[in-house]
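Hi,

Here is the structure I promised to pass on.

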Amino acid sequence: MTDGIDPEWELEVAEFYRSLGITQGPGDVQYRLIALVLAKNGVGRLTRFSEIREYTDRVTDKGNIGSKMKTVFQLQGLVKRIGRGEYVLTEKGAIAAEFIKKTSKYYSEVKLTQKIIERFP
Amino acid sequence: MIEGVLVHALVCLEVVLVSHLLAMKMFTKYNHTDERYLISISFGLFWFLLGLSYLCIGLYLIIAAYHGTSQISSTLLYWGFSSLALITAPLAFFIIQILIGDKRVSLAASCSFMMVGLIFIFLLFRYGVDVADIGSWSVDFKMHTLLLLIFIYGSYIPAIAMIMALIPFVALKTISNLRKYKITMSLISLSLAYDFTLLGVMNIGDFERLLFDVMILIGALIAYLGYFPPDGIVEWLRGPDTLVEPVDFGKWDDDI
């Protein structure tokens, strides 16, 4: 992806967190992708559902994403629905997205360190 | 016969025994399809070259203890130093391959240190080593300043810098004590080998040089115990929790 969101990479990161028993948030690829797409546009900026689906369609179906937007992002106040299929990221949502980005960085560090340790004879 | 020099020769031969035993075990530790095969081979090669160097120096000391210094025995000294000049090449491969994991980069670094070693050998035979006197414990020799500078700046300092690059991994909280033990022991052994080799090459003192070689012997023993620890140490490092069924973490687990 040209804008820095790679669904395959996010899936790999989510699988790592799931393997640690963290199934929600960092371990949920849908949550990761939605948060990152919203953060890409920024706080208070419009994000269309179709734009989110451009990334999520590779890893999950439309119904799951709609449900996630309603039961997690809207319910917890991470996004505000301003129209049919139109959302804006709140400041709280930006914190969540920032956390997701940090979990990617942490995974990269762990992966790198683990590879070095594995190479030690 | 000079007993002190013979004792020194005995210490050198013990270094040969331990380092070559370690080298042989490292050569056969992994299958050639394993990712760690070449890394293991390079670590073994480091100790093999160090052992080879000490074999030449040990034989040289035995001849010197009985018959004094001669042209023939001096050849052994040259071979010893030549082997010593090449030890950074496998070390560079060992550390860079662990850190980066790219064979081309590791090989390039190794080849550059090989070149430094070959330049050292060329200059060694050009300038020669002046054997001054036989002391009570060692043979006094004088190496050309340029050779010393090449050894310090072309071999010792880069090697120590590379060894230091592995230090942060000892502090990792996410690895087991057994892995930490292995990394720590190899770093200590490599540091001891390099530090006391440098002091030996600098020809400081007479009895002191015997002590330097004793320290190298300790370094070789530490390396051996690091990679092939006795069962008691393994059990101690794994702790009492081994009664619990081990969880299969695949590559995350220790492989000893």
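Strands (E, at least two residues) and helices (H or I, at least four) are DSSP runs numbered from the N terminus.

Before you go further: this is a predicted model, where local features need pLDDT of at least 70 and side-chain atom pairs count only at pLDDT 80 or more, while totals for chains, interfaces and linings use all residues. Residues are numbered from 1 along each chain as its sequence is written, and chains are lettered from A and ligands numbered from 1 in the order in which they are written.

Now the sheet. It is open, with 3 strands in the order 1-3-2 in chain A and antiparallel pairing; two strands pair if DSSP finds at least two bridges between them. Strand 1 and strand 2 of chain A are at the edges with a single partner strand each, so one side of each has no neighbour in the sheet. From one strand to the next the twist averages 40 degrees (axes are lines fitted to C-alpha atoms, for helices over the stretch in contact, and angles run from 0 to 180 degrees between N-to-C directions).

Strand 1 (residues 46-48) of chain A pairs with strand 3 over 3 bridges, and Thr47(A) stands opposite Tyr87(A) there. Strand 2 (residues 79-83) of chain A is joined to strand 3 by 4 bridges, with Arg81(A) as the bridge partner of Tyr87(A). The hairpin of strands 2 and 3 of chain A has 2 residues between the strands, and Gly85(A) in it takes a positive phi near 70 degrees.

Helix 2 (residues 29-41) of chain A lies across strands 1, 2 and 3 of chain A, at about 75 degrees to strand 3.

Lastly, the chains: 8 residues of chain A are in contact (C-beta atoms, placed from the backbone, within 7 Å) with 18 residues of chain B.

Cheers

Conventions
Contact = placed C-beta atoms within 7 Å.
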